[in-house]
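Please examine the sequence and the three-dimensional model shown here.

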Amino acid sequence: MSKRERYEAEFETFALAQRDGLQRYAYYLCGDWHQADDIVQKALAKLFAAWPRVDPNGAPAYVRRIVTNVFFSHRRLAWVRREQTVETMPVQSLGRPQEEVDLRLTVARALDRLTPRERATLVLRYWEQLSVDETAAALGCSAGTVKSQTARAMGKLRHQLDDVVILARA
Amino acid sequence: MSPHLDPETAFAAARPDDPSPGSAVDVRQAVREGYRARRRRRAVLGGATATGVCAVAAVLALSVTGLPAAEPEPREFAAGEEFGFDPATAGYPEAEFGHDWAAPQPALQEAADAVFGPLAIEAGILEDGDLDYELPSDAAIQDMMDEHGFGYFDALSEMGYQHLPLHFDAWSVPAADGQVFLRGFMADDGEDTEHPAFTVTALQPGGWTIEPGPTGPALFPQHLISDQASWTEEAPEFTSEDLEDGRTIMLADHGCALEAAVVYPNGSALTSTWDLDCHGQGREMTVEQLREAMLAMPQIEYDTSELAPAEALPDFPPAWAYDADWETEAAADAQASIDAATATLDAVHPGMEVTSSGPAQLETASDQAQRSYFASYNMPFEDASGYPVHASVWYHLPGGWLAGLTPEGSTAEVYLIGCESEKDDVCEETEVDGRTVATRTFSIGATTSTWVAVFDPAGWAVVFETMAEGPLDDYAYDDLVALALALPAPVYDAEEYDR
């Protein structure tokens, strides 16, 4: 009982602290808050199953990796693919300049045409603002793979956005 | 600047910033699901590199299809060394993650591939090619082990190689209320279901008896095979045969399912179960086919150096059999109990928010249940992290647990509060007005978790559990103990729970 309690307490402390951030990361990946909750719920269960051997210092990267993998699994499900449309991508337009809204819509559509791994790479690098090494840790791949995935995804984005001219705010 | 000229900037600027509607993620549920996953998760055991149906010695030749097979050469099965205690009432310590007690058993795997593979295919459970999968190379596995400090099976699991058809995984189940564990290796059909079409389990010596009886973790020592009704309402046709070579084979024909167990002279065992037609699957296998397969398997030598007798526990009210209807039946009592508890807490900290509550059956190490009512709260104040403080109340109704702190050195899972003495836990056990109060506190960084368990002489207990970052007014250790002591008795039928 003692070890179990210990693990549970450690895990709960960690999970409660990470929950909101993970939800937002999952939301960035899937574009739907409910799906994001579902992904995080599954990811945390997987994390707890492995908790005794998780290095506390590496836990944040590890759980992102699990969230990413669960997202990949979700994307493989037919119903998710069927339900997932560009309209579900997160775009908050109220109170925003029209150009920014247009940009988000455009990027959202382009992003949705990337592979899940490419999408995760870009989300981690540019929206979660992780370094190449941190992104590699979260994806469970090498730094070189992150760089090549980023380049390929950005190339696709450039192609997707090729005919669109929208002012982007730095 | 246009996006096609600078997609990085465009992409970064397009990050959605709409607010979260709030998280529906239930951390306690994740814990419960995690436990289930851990029980299902069995790291892959197997040969080193490419694995298919391996060729094995002619001695393992088996006639599944009825074609003539070579008569097996007589084999010898060496007896094991004496343990100096009865291995039936002994077991192994819980394996630490990253420390694999389970050394790869290529002889077991190869024999199973050759013996049970054709049997499963013949029965229509597996198909040709199902066993033609490849595992990572030795070097890749070793790299994973070295990089993360994993054991062999954790490394394979981490690489995604787990739960393959007829592939032995390390297997360990609690026994004697969690005081010891049985160890072995299990293979099944590879489908991720609670009821696989077949299981093959190789058991190390310890924690089980050759006597037939109800299987599962509720009894100790555990039984390998039952001669009682289980798959159907009819008792099986059960046979037990002592062979001249020292083995004992037991077979149970349930009509729609077959079970078998072989006990070897070295104290190890092999069991298998086959669900053939209990749900109309229409699979076929004869008792004789299963008997031949079981007897074609080799005796395996295992590392039993950690096998040790299990200590006896004090008597305590038995746990409950899991009852799917209980949570519905107990909903009103649980609600009344939680309402009263919330009112008590709210009187001290006005504005308590119940985030979830209800009756719950907590799975015990013996695969039974403790009956509980629980409520999770957001306290009406935040800690240093800026988030509301989390707390929960668990009422434990009589049955399946022992009062007080877990005794030092015990791994029994029947105590509600344990103290990890080698860590930085601080635990206390006191008496307050005739009630035992057990507390446990530990900190990770600035976050402190506290449990306060109050054991009432009437047989119920309540645990107040909370965690917070940094000190908080009116929420120190003594305040938490006072809160727990003030919680009212749960609503339940005392007669029904007088066990």
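## Backbone features of chain B

D177(B) is found in the loop between strand 4 and strand 5 (180-188) of chain B; helices (H or I, at least four residues) and strands (E, at least two) are DSSP runs, numbered from the N terminus. D177(B) is not a glycine, yet its phi is positive, near 55°. With 27 other C-beta atoms within 10 Å, D177(B) is buried; the term requires 20 or more such atoms within 10 Å, exposed means 12 or fewer, and partly exposed lies in between, with C-beta atoms placed from the backbone.

L166(B), also not a glycine, has a positive phi of about 50°. L166(B) lies in the loop between helix 5 (152-158) and strand 4 (169-175) of chain B. A cis peptide bond, with omega about 0°, joins F220(B) and P221(B).

## Basis of the model

This is a predicted model, in which local features need pLDDT of at least 70 and side-chain atom pairs count only at pLDDT 80 or more, while totals for chains, interfaces and linings use all residues. Residues are numbered from 1 along each chain as its sequence is written, and chains are lettered from A and ligands numbered from 1 in the order in which they are written.

## Confidence in chain A

The pLDDT, the predictor's confidence in each residue from 0 to 100, averages 73 in chain A. Within chain A, helix 2 (residues 33-49) has the highest mean, at 89, and helix 4 (residues 78-83) the lowest, at 36. Where pLDDT is low, the predicted coordinates should not be read in detail.
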